[in-house]
Amino acid sequence: MVWGMSETSPSDSAETPDFAAMTRDIAEVPAVEVIVTVAVNLMSAAAVKLGLTEEGDTHKDLDEARKLIHALAGLLDGSATEISSFHAAPLRDGLKSLQLAFREASLVPDEPGQGPGEKYTGPVYG
């Protein structure tokens, strides 16, 4: 037996992911659904980092929130022509809410147009 290796092969392990099945599953998911799922995950993570969850300030980290909001804005800007307004409108509303929450949480708010994601959305005012 090689150091660090078990006597069972990886295919014998119940914990080994079935990559073929995962590939089949992801192949069946429309691109719009993948984009929306990623956007919602970014929004959720940003909300946590802004301290907007039940835990409040426990996980608050404005530097991390800035990065997540900026990534979300870039994703929405880049995919605007690929997803319908049915999907894009609520995501843009959520983004604006996060941008406003970031501005309110900042001790020294960014100048209009300089906040997270405002490179893509333009200035956000309350």
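Guide: Start with the largest cavity: Q99, F102, R103, S106, P109, D110, G115, P116 and E118 line it. On a 1 Å grid over the protein atoms alone, a cavity is a set of points where a 1.4 Å probe fits but cannot get out, and lining residues have an atom within 4 Å of a point. This is a predicted model, where local features need pLDDT of at least 70, side-chain atom pairs count only at pLDDT 80 or more, and totals for chains, interfaces and linings use all residues. Residues are numbered from 1 along each chain as its sequence is written, and side-chain values use heavy atoms, with hydrogens and water left out.

Visitor: How much space lies in the largest cavity?
Guide: About 40 Å³. Grid points are joined across faces, edges and corners, and the volume is the space filled by probe spheres set on the points. The structure holds one cavity of 30 Å³ or more.

Visitor: Which element gives the largest share of that cavity's lining?
Guide: α4, with three residues. Helices here are DSSP runs (H or I, at least four residues), numbered from the N terminus.

Visitor: And what is the cavity lining by class?
Guide: Three nonpolar, three polar and three charged residues. Ala, Val, Leu, Ile, Met, Phe, Trp, Tyr, Cys and Pro count as nonpolar, Asp, Glu, Lys and Arg as charged, and the others, Gly among them, as polar.

Visitor: Switching to helix packing. At what angle do α3 and α4 pack?
Guide: About 155 degrees, with their axes 10 Å apart. Axes are lines fitted to C-alpha atoms, for helices over the stretch in contact, and angles run from 0 to 180 degrees between N-to-C directions. So α3 is roughly antiparallel to α4. Angles over 145 degrees count that way, while those under 35 are roughly parallel, 65 to 115 roughly perpendicular and the rest oblique.

Visitor: Which residues make that contact?
Guide: L62, A65, R66, I69, L72, A73 and L76 of α3 and L91, R92, L95, L98, Q99, F102 and A105 of α4. Contact means heavy atoms within 4.5 Å. By class, the α3 and α4 contact has eleven nonpolar, one polar and two charged residues.

Visitor: What about α2 and α3, how do their axes cross?
Guide: At roughly 160 degrees, coming within 8 Å; α2 covers residues 31-49. That makes α2 roughly antiparallel to α3. By class, their contact has 15 nonpolar, one polar and two charged residues.

Visitor: Is α2 roughly parallel or antiparallel to α4?
Guide: The axes of α2 and α4 cross at roughly 15 degrees and come within 11 Å. Therefore α2 is roughly parallel to α4.

Visitor: Which residues meet there?
Guide: V32, V36, A39, V40, M43, A46 and A47 in α2 meet H87, L91, G94, L95 and L98 in α4. That contact has ten nonpolar, two polar and no charged residues.

Note on methods. Helices (H or I, at least four residues) and strands (E, at least two) are DSSP runs, numbered from the N terminus. On a 1 Å grid over the protein atoms alone, a cavity is a set of points where a 1.4 Å probe fits but cannot get out, and a pocket is an open set with protein on both sides within 12 Å along at least five of seven lines; lining residues have an atom within 4 Å of a point.
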